[in-house]
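Here's a quick walk through how the pieces of this model pack against one another. Have the structure open and follow along.

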Amino acid sequence: MAKLKVPVGQADHVLGEEDAPVTLVEYGDYECPHCGHAHPIINAVRKHFGKQLRFVFRNFPLTEIHPHAEMAAEAAEFAGANGRFWEMHDAIFENQQRLEASFLVQLAGKLGLPSDDLIGALEKHQYLPRIKDDFMGGVRSGVNGTPTFFINGERYEGSWEFEGLVEAIEDRLPRKTEHRRAS
Amino acid sequence: MARILAPGTLAPDFTLPVTADQSLSLRDLRGQPVVLAFYPADWSPVCGDQMALYNEIHPEFQKYKAEVVGISVDGVWCHAAFARDRHLHFPLLSDFEPKGAVAKAYGAYREKEGVCERALFVIDEEGVIFWSYCSPIAVNPGADGILEALENLKEKRQSHGQVESARRAS
């Protein structure tokens, strides 16, 4: 039940090297307060592990309880299509309380993205199919709420605080492999 | 944990109130897959997430022509307020009087607490339980098990259909 069914691929938003020994996948919702809480923690964890950690973010907006989550995800995908996904991702999480369309458009402008194009993309729901794909892939992997994390393809059930995540990731670092090689 | 009814068992029929003046019977849903989601209570944080998730996946359930119903021992007015607050697109049934009778028939009642287990049933078109799962009470069971069961049910039906048409052709 607790395995990541959709492997990390070309379509994903990825931070870090492909050959990093540990991959952390988050299924998140831009309007979810727990995801907002986890956001700076994830950044700190990434900094802590450097090249040893690869981070992937996938969309899991619970639109009926978070009315702005889907639009925010669409805006992030728009930024992604213009090569600025992570800047938009950070900006959205840092401004979770004000995710109305006008604000998202303003953010796009600040990042130097064509805001008129964003308005068009939001009106047409241009990036919605991709978000739905992320969502259904998450459902198939047993994601039942946000945030849900997978570490090297296995669901992580522990704490989302810095210490818990660091410990779980350290456990999967390959020092044991080296040990075996030496013996 | 209660022992819930196993696959292959005929799903006990029931009629429960959906609203103050409407009720729903399981037999009315014959001919399509039915997902019964027993859960302990409206408003408790985990259930909220569970029902919110089924709400999001509702279009996916509809691809399988499956009807989803939530069942708890909460009263109809409580369900109405909860469904309105969470914008739920599927019915919540009230197993309120006699309390938990339907949950008991499915082996999904917790006597000590007086609430339903967090138990899931996928019932086939003929009213037979195809898949069932009882989750630890504090754990949202997600929807992967349900979707997998619906997929397997569809495949079973298709291969059965092929066997039938082959038999007729021969």
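## Helix pairs around α5 in chain A

A word on angles before we start: axes are lines fitted to C-alpha atoms, for helices over the stretch in contact, and the angle between N-to-C directions can run from 0 to 180 degrees. Keep in mind, too, that this is a predicted model. With that in hand, look at helix α4 (residues 101-110) of chain A and helix α5 (residues 115-124) of chain A: their axes come within 8 Å and cross at roughly 140°. Angles over 145 would count as roughly antiparallel, so α4(A) and α5(A) end up oblique to each other. The crossing of α4(A) past α5(A) is right-handed. On the α4(A) side you'll find Ala101(A), Val105(A), Ala108(A) and Gly109(A), which meet Ser115(A), Leu118(A), Ile119(A) and Leu122(A) of α5(A). That contact splits into six nonpolar residues, two polar and no charged.

Helix α5(A) has another partner, α2(A): here the axes come within 10 Å and cross at roughly 130°. This pair is therefore oblique as well, and α2(A) passes α5(A) in a right-handed crossing. From α2(A), the residues Met71(A), Glu74(A), Ala75(A) and Phe78(A) meet Leu118(A), Ala121(A) and Leu122(A) of α5(A). By class, this contact has six nonpolar residues, no polar and one charged.

## The α1–α7 pair in chain A

Now move to helix α1 (residues 33-49) of chain A and helix α7 (residues 162-170) of chain A, whose axes come within 10 Å and cross at roughly 40°. At that angle α1(A) and α7(A) are therefore oblique to each other, and α1(A) goes past α7(A) in a right-handed crossing.

Which residues of α1(A) meet α7(A)? They are Ile41(A), Ala44(A), Val45(A), His48(A) and Phe49(A), and across from them sit Phe162(A), Leu165(A), Val166(A) and Ile169(A).

In soluble globular proteins, nonpolar side chains tend to be buried together. In this model, the largest nonpolar core holds 70 residues, and Ala75(A) and Phe38(B) touch the most other members. Helix α2 (residues 69-81) of chain A supplies the largest share of this core, eight residues. Apart from this core lies another, of 17 residues, including Leu4(A), Ala38(A), Val45(A) and Phe149(A).

Leaving out residues up to four places away in sequence, Phe38(B) touches Ile71(B), Ala103(B), Tyr106(B), Ala108(B), Cys116(B), Glu117(B), Arg118(B) and Ala119(B).

Is His79(B) buried or exposed? It has 23 C-beta neighbours inside 10 Å, so His79(B) counts as buried. This histidine is found in helix α2 (residues 76-86) of chain B. Not counting residues up to four places away in sequence, His79(B) touches Asp42(B), Asp74(B), Leu92(B) and Ser94(B). His79(B) and Arg168(B) are 89 residues apart in sequence, and their C-alpha atoms are 49 Å apart in space.

Ala138(B) lies in the loop between β9 (129-135) and α4 (144-169) of chain B. With 10 other C-beta atoms within 10 Å, Ala138(B) is exposed.

Technical notes. Residues numbered from 1 in each chain as written. Chains lettered and ligands numbered in written order. Predicted model: local features only at pLDDT ≥ 70, side-chain atom pairs only at ≥ 80, totals over all residues. Helix = DSSP H or I, 4+ residues; strand = E, 2+ residues; numbered from the N terminus. Parallel < 35°, antiparallel > 145°, perpendicular 65-115°, else oblique. Left-handed = near helix turned anticlockwise from the far one by under 90°. Contact = placed C-beta atoms within 7 Å. Nonpolar A, V, L, I, M, F, W, Y, C, P; charged D, E, K, R; others polar. Core = buried A, V, L, I, M, F, W, Y, C linked by C-beta atoms within 7 Å. Buried ≥ 20, exposed ≤ 12 C-beta atoms within 10 Å, placed from the backbone.
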